[in-house]
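Thanks for coming, everyone. Please look at the structure on the screen, and then we will go through some of its contacts.

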Amino acid sequence: MGKNRYVELEIKKAKTNGTGSKVAPQQKPCQKMTEAVVMDGGRRGELVKVCADLSCRVHHPDTPSPEQVAKERTEERKRIAKEKLAITTRHRVLATILQRVSAPLKKADLLAVAHYLIGHLSYSQVPALAKRHKVEAKKDSASAQELLAKQVSTYDEAELCKLVLEVSLLDSAYQRSAASRDDVLMDTAKRYRVDTEKLQKAVAEELTVKREKSTKA
């Protein structure tokens, strides 16, 4: 049995005059106390008393109770659900902004900007943008960036305008929360008059329906 799996006890009788010092946990008996034989070291063969119950409140007072573990798990599930709501809402805000983008530049200019941006995407941005545009790089084929560049060449001016703004807002849209004061995504949403609260409510309802279906299944 590993040393961290049990506590060796040194049971001492409590003094009755009330003047003795406080008894340490390893000096107290418990209901799960048992005898064990030392298997190695200089005390090999010696019979000692141990407590191997990790849930013992006498010798493992810092071990969380089952109720505490259940409470922490519930809080963790709530935290994950809250994060999922926040990030899904931000994705929906980005999609709504892109629906309202107009085409201020010529196609050739927009395409030049789009190819430049795709060529300078960060490592984490490439899979995110590829997934949004349904581009999948397979083995023994071109990279996701090359496939993206090829696909955007077929876009018209309006789609290229959306792409340019999409890349600019990509990092902000994939943040887990809106803790920063400089929230580029939400500032853009205001300019395009996107009702973010309405979108958040819709996302919350959709996630609730999915959870209920998953629970029934």
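Start with threonine 188. Threonine 188 is buried, at 1% relative accessibility; buried means under 20% relative accessible area, exposed over 50%, and partly exposed in between, with a 1.4 Å probe and protein chains only. This is a predicted model, where local features need pLDDT of at least 70, side-chain atom pairs count only at pLDDT 80 or more, and totals for chains, interfaces and linings use all residues. Residues are numbered from 1 along each chain as its sequence is written, and side-chain values use heavy atoms, with hydrogens and water left out.

Where does threonine 188 sit? In helix α6, residues 184-191. Helices are DSSP runs of H or I with at least four residues, strands are runs of E with at least two, and both are numbered from the N terminus. Contact means heavy atoms within 4.5 Å.

Next, the helix pair. Helix α5 covers residues 157-173, and its axis comes within 8 Å of the α6 axis, crossing at roughly 130 degrees. Axes are lines fitted to C-alpha atoms, for helices over the stretch in contact, and angles run from 0 to 180 degrees between N-to-C directions. α5 and α6 are therefore oblique to each other. Under 35 degrees counts as roughly parallel, over 145 as roughly antiparallel, 65 to 115 as roughly perpendicular, and the rest as oblique. From α5, Leu165, Leu169, Ser172 and Ala173 meet Val184, Leu185 and Thr188 of α6.

Now salt bridges. The rule is a side-chain nitrogen of Lys or Arg within 4 Å of a carboxyl oxygen of Asp or Glu. The count is five.

Aspartate 183 pairs with arginine 90, closest N and O atoms 2.7 Å apart. Aspartate 183 is in the loop between α5 and α6 and arginine 90 is in helix α1, so this bridge ties together parts 93 residues apart in sequence. Both residues, aspartate 183 and arginine 90, are buried.

Arginine 92 and glutamate 206 form another salt bridge, at 2.9 Å from N to O. Arginine 92 is in helix α1 and glutamate 206 in helix α7, residues 196-216; they are 114 residues apart. Arginine 92 is partly exposed at 27%, and glutamate 206 is partly exposed at 36%.

Last pair: arginine 79 and glutamate 83, with N and O 2.8 Å apart at the closest. They are four residues apart in helix α1, residues 66-99, so about one helical turn separates them.
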